[in-house]
Every structure is written in structure tokens, then in C-alpha cells.
Amino acid sequence: MKVAVAGCCHGALDKMYETLELLQRRHNVRPDLLLCCGDFQAVRNEADLRCMAVPAKYRHMQTFYRYYSGEKKAPVLTVFIGGNHEASNHLQELPYGGWVAPNIYYLGYAGVVRFRGVRIGGISGIFKSHDYRKGHFECPPYNQQTIRSAYHVRNIEVFKLKQLKRPIDIFMSHDWPRSIYHYGNKKQLLKMKSFFRQEVESNTLGSPAASELLQHLKPTYWFSAHLHVKFAAFMQHETNSKEELPKATKFLALDKCLPHRDFLQIIDVEHDPNAGDSLEYDAEWIAVLKATNSLVNVTQSSWNMPEKNGLHAKWDYSVTEEAIKEVLEELNHDLKIPCNFTLTAACYDPSKPQKNMEPVHTINPQTTEFCAQFGLTDINDRIQQAKEEGSGRGECEEEEEEEMDSTGSAEEPSEYNTDNSGLSSFNPDEIMLDEEGGDEDLSTCSVDPSPDHPPEFSTSFSDIRIMPDSMAVSSDDAMDSNNEELEKSGGTKQVEEKSSTERSLKRIGGDENGNSGVKKIKRRNQAIYAAEDEDK
């Protein structure tokens, strides 16, 4: 089947789907599935805008709300993960995944699903070591810290994914796995993005947690976004035994969704021709969720996952074939994910803007139903209970907890010492947010441009590549061909068309402060919003 993969969407759903329609019209290629690697921005209303960690002037409604309201419907099944610029309050409603709109499915903090027999996994957010060992404690209304920490990857999600034993076909992460750049055309990458050099040379670019998952899961494909540059790599994995067959991962990072950006990739993936066209639960993943349910943590306290170090009675939470069979029997062997999307918030109305709408902590019926069906902890319900108990005890306990968190665990230090989500040096494609909040008011939002009066915008663009099934990339740094030439091999086709229906896309960006010792820079590069590609 044909799978379309997109980089950072930044709420530009109309742009993505119009591009896919253009592909079908001009080249008779229709993807069966669309994957988005984060920064999806499922913004329903003004309150959601207030929950995105970006300066106020970069908060724009974009077009997702039209799909949420039912005014429009995604023309192709869309599955996405979260990034670091999201309406965190909305995605938090679905920690185990769920529908954010008809035909648009969020994988949750971490998740695995199946489509036509293809096993698709993903992990949302970006890596930050100072939040990695905490629980999912954040909830709206967020403060200056939690609006950022809400999208930071947690060790429990990585631990769950590491319990998987069956092969993964496709995996998605927002930030890149650390070290992946050593398996592709590193010279060309640094030519395009010279400010990556320090992290590449010190091997600190990307997520160590994602790298750990890459080495454990060894998926056939791994897709990422975040750094706003197209990059391909081919990683041959080491075998653990003579009996194990060699495995390799084809890695691809996608650019952001803007005109002149090569932000969509089409790949052919082997599938089960006898499988249905519905998105399905993955039985092993459900069994892992059940097995690890006792590990759910909704506090700020730092703790490590169980490991074989003499401190834990149990450290292996992988599941047996019998446990997987029990899940199948619970579902009567019907793994189809129910189409139970429900509106949980008011939808943006351009004629009646509500700039003072406040975000609230919502329990989503999809999550309630999912947890009841499989006997899982509803994380948001647990957070709500903790809040109520905490308000009864006063604030002193919260201060005590924060103090304990700052010291960490003396017995079990964090497995990752470097605080790095992908960038600590200057990246003109990202927006640096000062921890103190700077001079930006995060409590205000903008809903411009109005959909009733969109700015005039039309330009030629180069948005789609069709990738052959073989995507071999040499790891030799001295290779002369660039990534585009590599991907053109085997019949790669380029689509270059004008679209008179395109609207101006204002990228909503932002990132965290870099490593300690790196000078804090507040950057808001206006050039990335121009129609012209600054890299050319």
C-alpha cells in the first residue's frame, strides 16, 4: 500500500490534503494512509491556542477546527504523534490515543496500531532529561513550566515500548534518534544546517531515548521531523545471536509544511491484502499496557523504571503469547478501533471570537471507554483526584515534592545526563522560548488570519516525493550526492505545481532552551514565514 509521510504540519491541514489531492489529480497516486510526525496542532478554539508553548504572536487558529467541527473531513486516514508545539490540553485528553476528529487518529503519549496488517508505532513529544523520569502530572490551566513539560517524553512510555517483542514496520518520533546522522549523508546535512555541527560532532543532536528505542525495536522504517530539514539514513543493526536475521532501518526526516518545502514523502509498504481497511488495536501493545498499568505515575517525583539492578523484584514486563491471546479473546478477535469521536470542547467560530476562553482539564469519553474496556488507569482521572487531594492538604506538600524532585534519586541516577532535545545551538527554523517567559505574554492569543478573509497567497511549490521501496543510503561522510539525489534513485518522481487555492501558512514554532552552559538566545526568525525557501 502507499503511505504518505508528512513532517511538522503546524495546523496546515488544508495544505496537506490539497497537496495529496494534487498528487492524485496529476499523477494518479492516491495514498492509503497519511502519517504526521508531530507539531500537528489540533487546535479547536482560543483556549487551545493558550496551551501551545509559543509566543503569542505566533498563535494562529489555522484550519484543524474545521475538521473537528465536521465542516470538513480528512480525505485519507491520518495517524499522527505529538511534537513540541501542540494544543497540549487537547492531546492530553487522549493519553492512550484516540480520534481528534473523524478519520484523524492520535497515537497518544506512546502507542502501536495496525492498518492493513502494517504495524505502526510512535512516541509523542521531545526529550528533556530534567522531566524524563517524572510522571504525567501536568494539566490545564498550565503555568510557564508545565506548558512546556507537558510535551516532554517520559521514561514510562519508553519502558512500555521496550517491552514489545514482535516486529514493528513503521515507527514515528518527533525529534531524531541521537546518532542517526552518522548513517546518512552527514556532510550534506551540515552543508544545509551548519548550526548542527557542534551537536553532531559531540554526538548530542537528537534524543537518546529515541536512539534506545531504535536499537531495541529495529523497525523497517523510522520517520521523524522537528529539525525542519529533509534527511535520509540507513542503519544496519547488529544481531544478538547467530540465529537472528540481520535487520536494517530506513530513516527519513521530513521538512516542515510550507510552500517550496519537500514535506511529503510517498512510500510503498508491504501489507496484508486480506486485512480490512479499518484502523485496529495492536494486541501485544494492549497486553503491555495492562502489564505496566501499575507503573502509572502522575506525580512530579523522579523515578526510574524497573531494571535488573537488585532494587526491583520485577523488571521484565514483556508479555506472553497467552496474555496476547487473552486480549484477543476479550475483543472477540475484533481489533477494529471504534469510531467513537466525541466533541469535548466548543469549536472556534470566526464570527464570534472568544479571546478570553480559558482551558479546562477534561476527561475524554474515548479514554474513559478505553480504560474501562481494558482495565487501565485513566491518567486524567488520577490527576484530577490528586489535584483535589492536594488542594485539601494545602500547597506546602507541593513545594516539598518539587524540592525532592530537584535533588533526584540518590539510589538510581537518571540514565541520561545530557539535557538535549535536538538543538542547543542556533537554529533559524526554531523559536527559542526563554524559561522566564521573556517579554511575550503567553496568556494572550491571536486567531489571525481570519478564514473569512484569508491573505492572498499563491506560489509554486515542491511538496511531494515518491520514494522507491529500496532507500539505501551510504554512511560514508565523504559521499558527494545529496539526499535528494539519493531519494530520486529508483524512479523517484517530483511534483511541482502551482496552487491558486493555497493560503498563507504562518508557521508556529518554538523550542526549549539548550544545554546548560549554552548562551540563551531568544530567536524568532521572521524569514521562515516567507514564501521563499531560505535554504535555497
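A residue is called buried under 20% relative accessible area, exposed over 50%, and partly exposed in between (1.4 Å probe, protein chains only). The model is predicted: local features need pLDDT of at least 70, side-chain atom pairs count only at pLDDT 80 or more, and totals for chains, interfaces and linings use all residues. Residues are numbered from 1 along each chain as its sequence is written, and side-chain values use heavy atoms, with hydrogens and water left out.

**Exercise 1.** Determine how arginine 166 is paired and how accessible the two partners are.

*Solution.* 
1. A salt bridge requires a side-chain nitrogen of Lys or Arg within 4 Å of a carboxyl oxygen of Asp or Glu. Arginine 166 meets this criterion with glutamate 321, their closest N and O atoms being 2.7 Å apart.
2. Helices (H or I, at least four residues) and strands (E, at least two) are DSSP runs, numbered from the N terminus. Arginine 166 lies in the loop between α7 (155-161) and β8 (170-173), and glutamate 321 in helix α12 (residues 321-330), so the pair ties together parts that are 155 residues apart in sequence.
3. Arginine 166 is partly exposed at 29% relative accessible area, whereas glutamate 321, at 52%, counts as exposed.

**Exercise 2.** Locate the partner of arginine 114 and state which network includes the pair.

*Solution.* 
1. The partner is aspartate 282, with 3.0 Å between the closest N and O atoms.
2. Arginine 114 belongs to strand β6, while aspartate 282 is in the loop between β13 (279-281) and α11 (283-291); the pair therefore ties together parts 168 residues apart in sequence.
3. Arginine 114 is partly exposed at 22% relative accessibility, and aspartate 282 is buried at 1%.

**Exercise 3.** Describe the second largest cavity and its lining.

*Solution.* 
1. On a 1 Å grid over the protein atoms alone, a cavity is a set of points where a 1.4 Å probe fits but cannot get out; lining residues have an atom within 4 Å of a point. Grid points are joined across faces, edges and corners, and a volume is the space filled by probe spheres set on the points.
2. The second largest cavity holds about 160 Å³ of space. Its lining has 18 residues, of which Tyr106, Tyr109, Ser124, Ala150 and Tyr151 are the closest to its centre.
3. Helix α4 (residues 88-92) gives the most to this lining, with three residues.
4. By class, the lining has seven nonpolar residues, eight polar and three charged (Ala, Val, Leu, Ile, Met, Phe, Trp, Tyr, Cys and Pro count as nonpolar, Asp, Glu, Lys and Arg as charged, and the others, Gly among them, as polar).

Notes: On a 1 Å grid over the protein atoms alone, a cavity is a set of points where a 1.4 Å probe fits but cannot get out, and a pocket is an open set with protein on both sides within 12 Å along at least five of seven lines; lining residues have an atom within 4 Å of a point.
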